[in-house]
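Hi,

Here is the model I said I'd pass on.

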Amino acid sequence: MGNAHGSRPFQSYEAPVIVNSSSPEAEERFRRAQEIADVNAFDWNVRTGEVRVSVDLPALRDLVPDRKFESWVEHVHPDDRAPLKQAIDNALQGKGRQEAEVRVVKPDGAIVWVRVCGQLAPESSPDAGHVLGVAADITSSKLAEQELRQAHDLLDARIRERTAELSRANQELQTQVRERVDAQEALEKQAAKLREQARLLDLANDAIFIRRLDGTVSYWNEGAERLYGWTVKEAMEQPLSSFLKT
């Protein structure tokens with residue numbers, strides 16, 4: 001990505017900052033604070049192409065020896081170059097504050113995430129023709145965000161898996177319940193049929209009884225009660241020979 005205004009090397013400098021005290025000690029403390037926070041301020045002179053930075057980000061230090069803007073962009077991940085260029089174009093068109101998060105690929109393949117925020121200074125200001133902003137190393141927060149997303153995806157997958165298991169178990173339970181209900185209905189129908197058959201047998205005038213192989217009574221109808229005088233309660237489970245004398 002070229003610069004129509006030409007390019008100039010990056011030049012590291014002690015950027016002027018606004019602090020409660022203008023003493024060199026205060027400015028040095030502020031500079032050190034930027035280093036600790038992995039943040040630096042930059043001043044891009046659009047007319048000359050010169051870019052100056054307050055401090056070097058440790059993650060990007062010595063990445064581009066010639067300090068040229070084009071060389072730095074070459075290390076930006078290909079998928080992030082278009083959004084970065086769009087943010088730069090918007091800034092140059094005076095569309096206010098612009099932000100972009102880009103991945104910088106180091107020679108060893110390591111990825112460094114950098115958030116760049118800048119804005120074109122108003123024409124009426126002493127910094128007219130300059131894009132002023134800050135760049136911050138956000139790699140640690142991005143990694144934490146990715147880990148959180150992975151943990152969320154894993155949890156979501158486990159929830160879906162558990163939900164599927166519960167659904168299958170519920171379907172199996174419903175199947176078992178239906179089978180038991182069907183079996184119960186079948187038994188009730190069979191019992192009703194047997195009761196109806198027994199009622200018909202009881203209505204018969206003839207004495208009807210059933211004897212097991214061991215000789216005990218398993219059925220004794222009302223006709224048998226009338227004929228022999230023994231009630232159902234008295235005859236059931238008794239040896240037929242004991243009260244018929246046969």
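In H3, the buried residues are Asp80, Leu84, Ala87, Ile88, Asn90 and Ala91. Buried here means under 20% relative accessible area, exposed means over 50%, and partly exposed is anything in between (1.4 Å probe, protein chains only). Looking down the axis of H3, those buried residues fall within an arc of 160°, so they line one face of the helix; the arc is taken from the directions from the helix axis to the C-beta atoms. On the face turned away from that buried side, H3 carries the exposed residues Pro78 and Ala82.

Before I go on, the ground rules. This is a predicted model, where local features need pLDDT of at least 70 and side-chain atom pairs count only at pLDDT 80 or more, while totals for chains, interfaces and linings use all residues. Residues are numbered from 1 along each chain as its sequence is written, and side-chain values use heavy atoms, with hydrogens and water left out.

Back to H3: the helix covers residues 78–92, 15 residues in all, and reaches 22 Å from its first C-alpha to its last, close to the 21 Å expected. That expected span is 1.5 Å times one less than the number of residues. Just after H3, Gly94 takes a positive phi of about 75°. Helices (H or I, at least four residues) and strands (E, at least two) are DSSP runs, numbered from the N terminus.

**Salt bridges**

How many salt bridges does the structure hold? There are 9, counting a side-chain nitrogen of Lys or Arg within 4 Å of a carboxyl oxygen of Asp or Glu.

Another salt bridge pairs Arg115 with Glu101 (2.8 Å, N to O). Arg115 lies in strand E5 (residues 111–120) and Glu101 in strand E4 (residues 98–105), so this pair ties together parts that are 14 residues apart in sequence. Both count as partly exposed, with Arg115 at 33% relative accessibility and Glu101 at 32%.

Over in helix H4, Arg162 and Glu165 are 3 residues apart, about one helical turn, and their side chains form a salt bridge of 3.1 Å, N to O. Arg162 is partly exposed at 47%, and Glu165 is partly exposed at 31%. Elsewhere, salt bridges that share partners join Glu101, Arg115 and Lys142 into one network.

**A nonpolar patch**

Leu173, Val177 and Val181 make a nonpolar surface patch of about 240 Å². Patches take residues with over 30% relative accessible area and no salt bridge, joining like charges within 9 Å and nonpolar side chains (Val, Leu, Ile, Met, Phe, Trp, Tyr) within 5 Å. Val177 sits in H4 (residues 139–203) and is partly exposed, at 43% relative accessibility.

**The chain as a whole**

The protein chain has 7 helices and 8 strands. Of its 246 residues, 29% count as buried. The chain exposes about 16700 Å², with carbon and sulfur atoms supplying 53% of that; accessible areas come from the Shrake-Rupley method with a 1.4 Å probe, and for residues only the protein chains shown count as cover. Among contacts (heavy atoms within 4.5 Å) between residues at least 6 apart in sequence, 43% join residues at least 24 apart.

Cheers
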